[in-house]
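Trainee: I'd like to learn how to read salt bridges in a model. Can you walk me through it?

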Amino acid sequence: MGGTSALCPQRRAAVPEGVRYFQRDFIGITVRDSFKGDPDIKHRCWILSQRFFRPLMYLVASLIIVTLLLIHGSGVVLFRANNLGRQCFETPIKNRDSLKKYKIAMVTASDESGSIPTRSFQGLMKLVEPNKKSYAQSHGYDFIDASDAVDKNRPPSWSKILAVRNNLPNYDWIFWNDADSLVTNPNIYLEDVLYSITGDMDYEKMPDFIVTEDVTGVNAGMFFFRNSEWSRMFLDRWWNATGFIRPPGQSKSGDNDALKHLIKTMPQDEKKHVRIPRMQCVFNSNMWSPSWKSSHRLMTLTKTVWQGVYAKGDFMVHLAGLNDKKKWVRKILHELEEEKGMFKNRIIRDISMIRF
């Protein structure tokens, strides 16, 4: 007797050939059906997907949108950091005329390298030089393009040591600034910066080396060296740290790591020669670039980012770690020109109002 009998429930009906059954518990619902195109199970699966997966997709999309808004919104807030109470100068300048003037040179260099295409320096010096030279001339400083001092046997950033060492005997101070930097507030004097950091313009009592820190530690892209025997000795020590030299073409050259090591291992009685200001933005502000990496640093190193991010009114901006440097330079120069034009128009308008 074939088939299934109601009187014999222990016997199972024969399963037609080619058809398989499955049983699955899904959120308390038992589904038993065939894989062979049963419209009922397709309908139920579609309903379940609409009920559970669509809201999940909406939630994920909303989180992504909110995150992107926060990233770009953070850039807007950070650009107004000085308007929100941040003070880059630790010691306010009460009477600039009373500050002693020093013989200072702004020194920079570039080998016009394009070995790392995304961070190419080709043509960069031509863009930034007028900005820096104009600032130096207006305040009585010398601007020196030391590109001829670049040593081809090492990655180019090591040659900043040679450039500073060669020019130091002729000045009271050397202010080194990487080629990927711009003066953004020409109303600030270098003496303003020095006084803000040291609080004392007595030349013999001032530190010999002033350098800032960013989210990665000491930053060798911008710094001051005082003309002293200690400075010459330290520059030689830095240059001779050959164990840190990286192969050409890498994003890091090793000079920054060497500097970090020298400062970290420096004897306690020698540390008086080095001054690291609390506020990075006093002369080495970093441009904020909206990215996941920048946002992570903002969340985990909020105070450090706040102290060093570039904001309107800062003395200089440094494009360290950014790609498309020429694009950034052109953008900043354009904004500075627009701001200058707006200032001139405001002056003309005010004069016109006084006349009438």
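Predicted model: local features only at pLDDT ≥ 70, side-chain atom pairs only at ≥ 80, totals over all residues.

Trainee: How many salt bridges does the structure hold?

Mentor: There are 13. Let's start with a linked set: Lys160, Asp178 and Asp255 form a network of salt bridges.

Trainee: What are the N to O distances for Lys160 with Asp178 and with Asp255?

Mentor: For Lys160 and Asp178, the closest N and O atoms are 3.7 Å apart. That pair links distant parts of the chain, 18 residues apart: Lys160 is in helix α3, and Asp178 is in the loop between β5 and β6. Lys160 also meets Asp255 at 3.3 Å, N to O. Because Asp255 lies in helix α6 and Lys160 in helix α3, this pair ties together parts 95 residues apart in sequence.

Trainee: Is Lys160 buried or exposed?

Mentor: The cut-off for buried is under 20% relative accessible area. Lys160 has 4%, so it counts as buried. Asp178 is buried too, at 16%, and Asp255 is buried at 5%.

Trainee: Which residue does Arg246 meet in a salt bridge?

Mentor: Arg246 pairs with Asp257, at 2.9 Å from N to O. Arg246 lies in the loop between α5 and α6 and Asp257 in helix α6, so the bridge ties together parts 11 residues apart in sequence. As for accessibility, Arg246 is partly exposed at 28%, and Asp257 is partly exposed at 22%.

Note on methods:
Residues numbered from 1 in each chain as written. Heavy atoms only, no water. Salt bridge = Lys/Arg side-chain N within 4 Å of Asp/Glu carboxyl O. Helix = DSSP H or I, 4+ residues; strand = E, 2+ residues; numbered from the N terminus. Buried < 20%, exposed > 50% of the residue type's maximum accessible area, 1.4 Å probe, protein only.
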